[in-house]
Structure formats: C-alpha cells, structure tokens
Amino acid sequence: MEKLLINGGTPLKGEVTISGAKNAVIGIIPATLLVEGKCIIENVPAIDDVTVIMDILTQLGASVKLINKSTVEIDCTNVNSCRATYDMVKKMRASYYLMGALLGRFNKAIVSMPGGCNFGSRPVDQHLKGFRQMGVEVKECVNDYYDLSADQLVGAQIYFDIVSVGATINVMLAAVLADGITIIENPAKEPHIVDVANFLNSMGANIKGAGTDIIKIKGVEKLHGGTYSVIPDYVEAGTYMLMAAATNGEVMVNNIIPKHMESVTSKIREVGGTVVEYDDAIFVKGAKKLTPARVKTLPYPGFPTDLQPLATTLLSISSGTSFVTEAVWDSRFQYVAELNRFGSKITVNGDTATIEGVEKLHAAKAKCTDLRGGAAMVMAALMADGTSEIYNLSHVDRGYERFEEKLKNLGAKIKRVQDFSNEIEEAN
Ligand code: EPU
C-alpha cells in the first residue's frame with residue numbers, strides 16, 4: 001500500500017502540460033480491433049486504465065507495442081477471439097467498449113461486465129437497445145455475461161432515451177463496418193466522442209456529425225491502419241484549473257483546447273478567479289476570497305460530472321453557501337464524508353450537496369473513494385495547512401498521468417511513500 005503525503009497551504013504556481021484524454025483513448029484502443037493493419041496511437045497517457053485495456057487486447061491476440069512513453073503501436077490482425085472474460089475486464093469498468101468493437105469485427109461478442117462503479121450502478125440498457133436495433137441477438141447470461149451475436153450487423157435509426165457517452169461510442173464501433181447507414185439521435189457530444197469518430201474516420205470509416213445532435217455512420221467494407229494523436233484530456237485540464245483557483249495560485253495549463261473548458265472557465269470567473277484563454281493554453285489565477293455559487297452537472301457542453309468533486313472542494317472555502325447538484329450519476333457524493341475530514345461543512349441531500357463555506361481547510365487523513373473523488377482529496381490536502389495523508393491511490397493512478405510529478409512542478413509539497421507506519425511525515 002502507498003499513500004501520499006501532502007504539506008498544503010501553498011498556492012500552486014507555474015506551468016502544467018496536459019496529457020492525452022483518458023476517456024478518448026480507452027475508446028480508441030478497443031476501436032483498433034476493427035482495423036486491418038497497424039495503428040500508431042500518439043499522445044497516449046501513461047495511466048493504469050490504458051495498461052489494463054492494452055493487456056486485454058494482448059490477451060485477445062493483438063500485438064501491442066509501446067514505441068515510446070506516449071506512443072503505442074497496435075496490430076489486431078491476429079485477434080481470433082471474441083470473448084472477454086471477467087478476469088480480463090474486472091479492473092476496468094469501461095471494458096464495455098469491447099462489446100461494440102468485437103461485434104463490429106466478428107458479428108459476435110461474449111463480454112463479461114465488470115459490475116457497478118463506486119458511484120452507483122452502471123446500466124448498459126441503451127448500449128443493448130442500439131445493438132438490438134442493428135440486428136443483434138442479446139443473451140444475458142449468469143454472472144453478468146452478455147452473449148451478443150448477429151448474422152450481419154445492419155444499419156439502423158437509433159434514438160437514445162438517455163444521453164450516454166458509452167452507448168454512443170459503442171454503437172459507433174458496431175456501426176462502422178455494418179451493412180448500411182446507422183443514425184444515432186440524442187447522442188452524447190463530449191470531446192472524446194468526436195475524438196473516437198475522428199480516429200475511426202482517419203482509418204477509413206464514414207462518420208458524420210459526431211459532437212452534434214445527430215450522428216450518421218455509413219458502413220464501409222474495411223478500415224485500414226494509420227497514425228492518430230489523441231486529444232488533450234479536458235478533465236485533467238479542469239482538475240489543474242480548479243486546483244489553481246482553490247489554492248489562490250497562478251497556473252498556465254498548456255496543451256489544451258480552450259473551447260472544451262468553457263463551463264469550467266465561466267464557473268471559475270463566477271467565483272472570483274481570473275481566466276485568460278490562449279490558442280492552446282489557459283491561465284488561471286485564484287482570488288483571496290471566493291464567492292459562493294451553484295453548480296449543476298450536465299452532459300457536455302454542461303459542467304462535467306467528472307469535475308463535480310473538484311468544484312465542491314473549491315466551493316468549500318467560499319464566503320457563503322453553495323449548492324452542487326449531480327444530474328448525470330445517481331450518486332456521486334461518496335467522497336464528501338472523506339472531504340469533511342478536512343473541516344469542510346458539506347451535507348448531501350439526494351442529488352444536491354449544500355456547502356457552507358469555511359475560512360480554511362485543515363490537514364487530515366483521508367482516502368480516495370473513486371478516481372475524481374480521489375483528485376478532490378489531493379486538492380483538499382493542497383488547500384489545507386499542515387501535512388495530510390491520502391490513501392487508496394489506485395483510484396487516481398487509473399486516470400491521472402504523473403500526478404505527483406506535475407503537482408511538484410507547480411510547487412506542491414507532495415510525495416508518495418510506502419504505507420507501513422501510522423506516523424505523519426513531512427512532505428518537503
Ligand atoms: N446510463 C443508463 N443506461 C445506459 C448507459 C448509461 O441509464 O445504457 C446512465 C448512467 O447510469 C448515468 C448516465 O446514463 O447515469 C450517463 O452515463 P454514460 O453512459 O454517459 O457514462 P459512461 O459512458 O459509463 C463516461 C465516462 C465517465 C463519465 C461519464 C459521463 C468513460 C470511460 N467514462 O462513463 O467518466 O462520468 O461518461 O460523462 O468514458 C471518469 O472519468 O471519472 C468517469 C467516471
């Protein structure tokens with residue numbers, strides 16, 4: 001077991017460079033199953049979720065090579081299995097993309113579901129609804145296995161009842177090699193949807209409208225290999241922007257697409273921070289005192305649910321009462337009990353957290369409950385005077401590349417140590 005020691009209370013200052021987007025790359029890597037030939041994927045973040053999905057592809061028979069620290073070469077020519085077992089998928093909840101990718105490749109997929117996530121159940125009814133409309137027979141087997149098969153996948157007009165990132169990408173994956181045209185109505189519009197579509201198009205697919213209200217996919221004979229670079233991670237960028245604002249820091253966040261950040265930029269300005277946009281960077285400056293605000297998470301371009309725990313943490317030191325409503329996931333406030341260890345005054349009622357702003361957070365021992373809840377613990381420790389200890393780091397390792405190193409470069413006093421004593425060490 002490892003823990004982070006963070007000696008907080010110092011404003012973050014300097015520059016940080018954002019890595020490739022986790023939620024794009026874990027759709028793009030399974031998408032290589034549809035390609036005949038080699039795919040060179042650049043700007044791949046070194047995070048545990050990427051290691052897991054690359055391992056799964058290797059176990060299916062793909063050749064997966066790391067060319068340098070952020071470039072991967074994948075050749076799925078020799079993949080001959082359409083079965084992903086529980087042991088393969090259990091470490092990654094988004095392994096449901098194997099359904100669409102294997103169906104597209106083999107007209108057959110037997111995929112185990114990794115189960116619910118730390119903030120509620122993870123239904124796939126919209127994914128299955130889309131597959132069924134494309135002619136897929138869906139058998140739900142014991143232990144959460146889905147056995148999906150079709151003689152030939154056929155294009156269909158699919159209306160999603162719920163805006164779902166996963167279902168949108170999964171149906172795109174199933175549709176690129178299907179017979180005919182697939183139209184997705186009410187799709188998700190997140191930047192990673194557009195990125196997966198751009199990847200597939202660059203390999204020969206015909207997808208139009210990704211990022212808009214209607215996606216049209218014309219099935220093609222085959223996809224060919226090529227080189228593609230993953231977009232920057234807007235959730236990672238938002239994490240550093242909110243941390244800069246919360247520590248009254250001054251941080252230049254480089255290698256981002258400022259348009260992706262609009263909901264975050266406007267919220268930081270609303271609470272009193274300064275945000276300056278450049279072509280591919282954003283500068284954030286905090287304020288001595290932050291004003292309270294209301295935040296409601298929504299599908300893109302609304303305020304991202306993945307930044308909700310960080311927004312709540314920021315507002316914990318505002319000068320009044322704030323409200324944060326989670327409208328994407330049923331329950332995503334597990335981290336609040338841990339956050340309150342730092343002296344924040346937050347109560348949760350249903351889908352809304354009420355935050356009574358306090359003057360200052362104090363150091364605490366706390367654990368990560370999930371990936372973004374974990375980032376919120378790190379943020380609280382950076383805001384708090386004294387040395388905090390953060391446990392259960394496997395959550396943040398899933399999604400943040402070189403987290404401590406990037407924070408250290410911004411002046412944070414942070415270090416990772418083995419957790420075999422209860423003593424609090426100085427993190428200088
Ligand atoms: N939903 C259904 N039925 C479905 C699919 C989804 O009811 O068939 C519901 C979900 O229960 C949820 C809502 O629809 O309430 C949105 O779920 P969505 O399918 O959009 O989420 P996801 O694809 O499983 C991705 C990200 C999450 C992010 C959400 C929302 C990946 C791998 N994960 O999940 O990211 O919170 O979209 O933007 O792309 C994270 O990075 O920390 C993370 C959890």
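**Figure 1. The centres of the two domains.** The C-alpha centres of domain 1 and domain 2 lie 30 Å apart in this predicted model. Domain 1 is made up of residues 2-19 + 233-418, and domain 2 of residues 22-229; these bounds come from an automatic or database domain assignment. Residues are numbered from 1 along each chain as its sequence is written, side-chain values use heavy atoms, and hydrogens and water are left out. Local features need pLDDT of at least 70 and side-chain atom pairs count only at pLDDT 80 or more, whereas totals for chains, interfaces and linings use all residues.

**Figure 2. Where domain 1 touches domain 2.** Contact, meaning heavy atoms within 4.5 Å, involves 21 residues of domain 1 and 19 residues of domain 2. The two domains bury about 1,800 Å² between them, and 53% of this is on carbon and sulfur atoms. Buried area is the accessible area (1.4 Å probe) that two parts lose on being put together, summed over both. In domain 1, the residues that lose the most area to domain 2 are Y300, W329 and R398, together 32% of what that side buries.

Figure 3. D49 forms a salt bridge with R398, with the closest N and O atoms 3.1 Å apart.

**Figure 4. Residues around the ligand.** Of the 24 residues around the ligand, Y96, Q126, S164, D306 and V328 come nearest; a residue is near if one of its heavy atoms lies within 4 Å of the molecule. An oxygen atom of the ligand is 2.6 Å from an N or O atom in the side chain of D306. For the side chain of K22, the distance from a ligand oxygen atom to an N or O atom is 3.2 Å. At V165, a polar backbone atom is 2.7 Å from an oxygen atom of the ligand.

**Figure 5. The surroundings of M252.** M252 lies in strand β15 (residues 250-254); strands are DSSP runs (E, at least two residues), numbered from the N terminus. Leaving aside neighbours within four places in sequence, M252 is in contact with G14, E15, V16, Y278, A281, I282 and F283. M252 and V16 are 236 residues apart along the chain, yet their C-alpha atoms are separated by 6.4 Å.

Technical notes:
Salt bridge = Lys/Arg side-chain N within 4 Å of Asp/Glu carboxyl O. Polar contact = N/O pair within 3.5 Å; in protein donor to acceptor, adjacent residues only side chain to side chain. Helix = DSSP H or I, 4+ residues; strand = E, 2+ residues; numbered from the N terminus.
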